Amino acid sequence: MAFFKPIYKKLSKKWHPQAVSVGKPIEMDELCKQIALISTVSSADTKATLEALGLVLGTCMNTGRTVHVEGLGTFYYTCISTGKGVDAAEKVNANQISGTRVRFVPESHRQGSTITRASSAKT
C-alpha cells in the first residue's frame, strides 16, 4: 500500500497508518483501455466481459456460493444483524439480518516469509 496518512486512535491512544486514495477513481472506460493495451482484446470486448463478470458474480453469490477469481481474489457475502442476538441457535432467524455486504479478500501467494497479494503494486 503506497499511500497512507497518520490517524490517532482514541482507544489505544496511539497513531496508526490509514490507507488513503489519491485522485478520482479509475472509471470503467479507462480500465478497459488499459486492459486492451496489454492484451489482444478490444476495449469494447473488455467492457462487455467485465460487465458480465459483475452479473455472474452476483448470480453465483445469490445462490450462497463464494466466488474465487484466479489472480484476483475471493468474493463472498456477510450479513449484519440487528439487536443483541438470541440465547439459542434455534431462535436465530432471517428477521435479525439488517443488511448484507460483499467482502473481497485479495489472492495472496507465500514465498518463504514474504506474502504477495494480487492487489499489490508490482515494481
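Okay, let's start with two helices: α1, residues 28-37, and α2, residues 43-61, have axes that come within 8 Å and cross at roughly 120 degrees. That angle means α1 counts as oblique to α2. Before I go on, please keep in mind that this is a predicted model. As for the hand of the crossing between α1 and α2, it's right-handed.

So who does the touching? On the α1 side you'll find M28, D29, L31, C32, K33, I35 and A36. Over on α2, the partners are S43, T46, K47, L50 and E51. If you sort the residues of that contact by class, six are nonpolar, two are polar and four are charged.

Next up, the pockets. Rolling a probe the size of a water molecule over the atoms shows where empty space is left. I'd like to show you the second largest pocket, which has a volume of about 230 Å³. What lines the second largest pocket? The residues are L53, L57, V69, E70, G71, L72 and F75. By class, that lining has five nonpolar residues, one polar and one charged.

Last stop: T66. Where does T66 sit? You'll find T66 in the loop between α2 and β3, the strand at 67-69. If we skip the neighbours within four places in sequence, T66 is in contact with T74, F75 and Y76. F75, remember, was one of the residues lining the second largest pocket. And here's one more pair to look for on your screens: T66 and R103 are 37 residues apart in sequence, and their C-alpha atoms are 10.0 Å apart in space.

Note on methods
Residues numbered from 1 in each chain as written. Predicted model: local features only at pLDDT ≥ 70, side-chain atom pairs only at ≥ 80, totals over all residues. Heavy atoms only, no water. Axes fitted to C-alpha atoms, helices over the stretch in contact; angles between N-to-C directions. Helix = DSSP H or I, 4+ residues; strand = E, 2+ residues; numbered from the N terminus. Parallel < 35°, antiparallel > 145°, perpendicular 65-115°, else oblique. Left-handed = near helix turned anticlockwise from the far one by under 90°. Contact = heavy atoms within 4.5 Å. Nonpolar A, V, L, I, M, F, W, Y, C, P; charged D, E, K, R; others polar. 1 Å grid on protein atoms, 1.4 Å probe; cavity = no way out; pocket = protein on both sides within 12 Å on 5 of 7 lines; lining within 4 Å. Points joined across faces, edges and corners; volume = space filled by probe spheres on them.
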